[in-house]
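Reader: I am new to this structure. Please take one part and walk me through it closely.

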Amino acid sequence: MIYKFSFIEKILLSNDIIPHPFADASSSVGLGYALGCSVKLKIADALAMDYQPVGQIAKKANVSEIGCELILDCLDALGYVSKQDGKYAFTKRGHKNLSLQSPENFRYFILFCDYLYKGYANMDETIKLGKRPHSNMLEEMSEYEWELFSRAMIDIARTSTKEVISKVPVSSTATTVLDIGGSHGLYSIELCKKNPKLKATIFDLPPVKKYAEECIAKHNAASQVSPLSGDFMKDPLPNGNDIILSFNIIHGLNTEENEQLAKKAYAALNAGGIYVVLDQIKGIGGSSQLSKATTSYMALNLLHQAGGKTYSLDEVSSFTSKAGFRKVELKKLNAPGFGVIVCYK
Ligand SMILES: C[S@@+](CC[C@H](N)C(=O)[O-])C[C@H]1O[C@@H](n2cnc3c(N)ncnc32)[C@H](O)[C@@H]1O
């Protein structure tokens, strides 16, 4: 992400002397592809904090020297590598996000985005029709694409589990949590770690179960957290819950589906229970361009991939009050555009 501009560049950009479409329609899209290529083609795997000649990096990655140099120059522009005398090394940011050795790397997220780009070729059709022309993306994914999707969700969740869970009000009598579309289960794992009386069920589609099992084992959470395969639209939800988490779920559904899901959640909650929605919330960031970029891009992406969009607080309030929830409370997250909405039964 390019965010540092010289004084002159700022003046030229703010006066439209540098044409904004040059970056918006050209270089930022191409740089995103280059980032995807660097991980997919294992050029990132060949990089280190020490400077290496391009030939050496290309040889390790088994790609052409000219191609490798072009990708490395794009990574240099983005701030992931540094170039000195024709040699390249990771910057700190590059190592953190792209290195296999970094526990905080974003490699699966990048690969998943690279997979999404392929589908953008027919976005015109979605915009003309106002809906996705054919089945939901999830129905078309291969086992490998499920892995990219699930591990990309892990990459994102890792950055904010503690902050998100700090926004969930847990009553002193609460014991049961249902995490619908909970995938890897990292949010429930953190919630249970913080509240030893809680037991959580991760309710997600069958291809995802192994990623929940992997995370539960990694965090020694099996005594409190267990996965359950099911479809939250078609199957009954397990009932008797004090807390239902719906994290990054509403954006994948249309308004009608969200009304149905909120009704099911209401019915599956004990008296006084809470339905906690985490999502990109339209309008949450006021005039922040970063916030608008997140909520608007996600709306477009989700309409195209799954027939969903992003919703405002008022829209969430409308479909949850129709389901019977008596009040909603919005809590902003540090990530621009993201918020938690707590809906009280
Ligand atoms: C965007 S991911 C969010 C995962 C996790 N809640 C998080 O915030 O990181 C959406 C999850 O919902 C699951 N999902 C989508 N439709 C579902 C359905 N009808 N029934 C159960 N799970 C579903 C997907 O498999 C995926 O794991």
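Reader: Is strand S11 (residues 338-344) mostly covered or open, and which strands pair with it?

Author: Strand S11, residues 338-344, is mostly covered. Five of its seven residues are buried. Buried means that 20 or more other C-beta atoms lie within 10 Å of a residue's own; 12 or fewer means exposed, and anything in between partly exposed, with C-beta atoms placed from the backbone. Strands here are DSSP runs of E with at least two residues, helices are runs of H or I with at least four, and both are numbered from the N terminus.

This is a predicted model: local features need pLDDT of at least 70, side-chain atom pairs count only at pLDDT 80 or more, and totals for chains, interfaces and linings use all residues. Residues are numbered from 1 along each chain as its sequence is written.

Now the partners. Strand S8, residues 269-282, is joined to S11 by seven bridges. The two run antiparallel. Two strands pair if DSSP finds at least two bridges between them. Valine 276 has valine 342 in S11 as its bridge partner.

Strand S10, residues 327-332, is joined to S11 by six bridges. This pair is antiparallel too. Leucine 330 stands opposite isoleucine 341 in S11. S10 and S11 form a hairpin, with five residues between them. Glycine 337 sits in the turn and has a positive phi of about 95°.

Strands of a sheet pair through backbone hydrogen bonds, either parallel or antiparallel.

Compare an open sheet elsewhere. Three strands form it, in the order S1-S3-S2, with antiparallel pairing. S1 (52-53) and S2 (81-84) stand at the edges, each with a single partner strand, so one side of each has no neighbour in the sheet. Four bridges join S2 to S3, residues 87-90. Lysine 83 has tyrosine 88 in S3 as its bridge partner.

Helix H5 lies across S2 and S3, at about 110° to S2. Axes are lines fitted to C-alpha atoms, for helices over the stretch in contact, and angles run from 0 to 180 degrees between N-to-C directions. The axes of H4 (residues 54-61) and H5 (residues 65-78) come within 9 Å and cross at roughly 105°. H4 and H5 are therefore roughly perpendicular, a term for angles of 65 to 115 degrees. Residues in contact have C-beta atoms, placed from the backbone, within 7 Å. Val54 and Ile57 are among the H4 residues that meet H5, whose side includes Cys68 and Leu72.

Terms used. Parallel < 35°, antiparallel > 145°, perpendicular 65-115°, else oblique. Contact = placed C-beta atoms within 7 Å.
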